[in-house]
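Please read these comments with the model open beside you.

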Amino acid sequence: MIYFNCDYTEGAHPRILEQLCATNLTQSVGYGEDEFCGKARELIREACRTPEAGVHFLVGGTQANFTVIRTALRPHQGVISPETGHINVHETGAVEATGHKVLALPCGRTGKISASQVESLCQEHFRGGMPPEHTVQPKLVYISHPTENGALYTLAELEALYRVCREYGLYLFADGARMGYGLSSRDTDVSLPDLARLCDAFTIGGTKCGALFGEAVVLPNPELNADFRYAIKQNGGMLAKGRLLGLQFLALFTGGLYTEICGKADEQAYRIADACREAGLPEYVPSPTNQQFFVFPDELLRQLEETYVFSFWEKVDETHTAVRICTSWATREENVDALIADLRKLVGKP
């Protein structure tokens, strides 16, 4: 079988494995205070143009998300999220298990929320008829870039969210589990320095973008950085052999590898998307990243699934299904060629 269902079915980029092997017997201190983590932090700060930002390496995306949110919020505060946001539907209630309510907003198929939605929620809370202390206080806005459905925020949209957050005293936190594929998209106008300027916290994903595992948490806001290592340890996100995380991000952020390999994944995804359009398949939702979403007739899908694995997304009607086709840093061109050729053959296209 050829897997197009997600972007972490392979191990790690060869340069990461080379770094791990080359330093395997090098002694270093633990818990992320080694020289490799230090160098990786400096490269990330340089890429973000934030020399004072806190940079921390955690073992996974869920740990990163709920550790940031739990650290930022007081017990009576909650987090605003798109209803399809990862913290709302894919993390087994991890944020709410820490005692903080997720205040979900409708986001349509794109998975994006707008500044006006956040403003309306805040106005209802702070200026509504009932005294505000009777309901959970909104304090942090969580977004994903890209979203769960592959959409990207524009720079103007991020700036608008930033302004609303400043007006109401909210933190802005961007989940960047697939950040590399967003930064490399041909349709984006957002850069790492933009995110560092507009977000109080964001993550740079490693797990889905070439690393064996691990996420980098970047904290431009010094309020959130204070004592953050205590929070990492308490919440189970700190790795004793922290150098294993630092070495991976050191490799990814040396010589532009991170955006290079993610850009290749995007290009392969665009090829698949073009082939789906040529086959007359409707888009479930447009995506400029490595995740592509199309609606297939069930019979066509059944035939393709004899060789290829996709992610089920939604049953559109009795005879059609929306699926996600996902490429990664490791997607082989010959596998994309094979999928395109089989799709064309099955729909009768030359």
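Predicted model: local features only at pLDDT ≥ 70, side-chain atom pairs only at ≥ 80, totals over all residues.

1. Residues are numbered from 1 along each chain as its sequence is written, and side-chain values use heavy atoms, with hydrogens and water left out.

2. The largest nonpolar core has 62 residues, and those with the most contacts inside it are Ile-44, Val-118, Leu-195, Phe-202 and Ile-204. Such a core is a set of buried Ala, Val, Leu, Ile, Met, Phe, Trp, Tyr and Cys residues joined through side-chain atoms within 4.5 Å, where buried means under 20% relative accessible area, exposed over 50%, and partly exposed in between (1.4 Å probe, protein chains only). Helix H7 (residues 155-168) gives the most to this core, with seven residues; helices (H or I, at least four residues) and strands (E, at least two) are DSSP runs, numbered from the N terminus. Apart from this core lies another, of 23 residues, among them Ala-64, Val-217, Leu-224 and Phe-228.

3. In H7, the buried residues are Leu-155, Leu-158, Ala-160, Leu-161, Val-164, Cys-165 and Tyr-168. Their cover includes helix H6 (115-127), strand E5 (137-144), strand E6 (171-175) and helix H9 (192-198), with contact taken as heavy atoms within 4.5 Å. Just after H7, Gly-169 takes a positive phi of about 70°.

4. An open sheet of four strands runs in the order E9-E10-E13-E12 with antiparallel pairing, two strands being paired if DSSP finds at least two bridges between them. Strand E9 (283-285) and strand E12 (311-317) stand at the edges, each with a single partner strand, so one side of each is left without a neighbour in the sheet. Strand E10 (residues 291-297) and strand E13 (residues 320-326) pair over seven bridges in the antiparallel sense, and Phe-294 stands opposite Val-323 in E13.

5. There are eight aromatic pairs, counted where rings of Phe, Tyr and Trp (its six-membered ring) have centres within 6.5 Å, with planes under 30 degrees apart counted as stacked, over 60 as edge-to-face and the rest as tilted. The rings of Phe-4 and Tyr-308 have centres 6.2 Å apart and planes at 40°, so this pair is tilted. Phe-4 and Tyr-308 are 304 residues apart, and the pair links distant parts of the chain; Phe-4 is buried, and so is Tyr-308.
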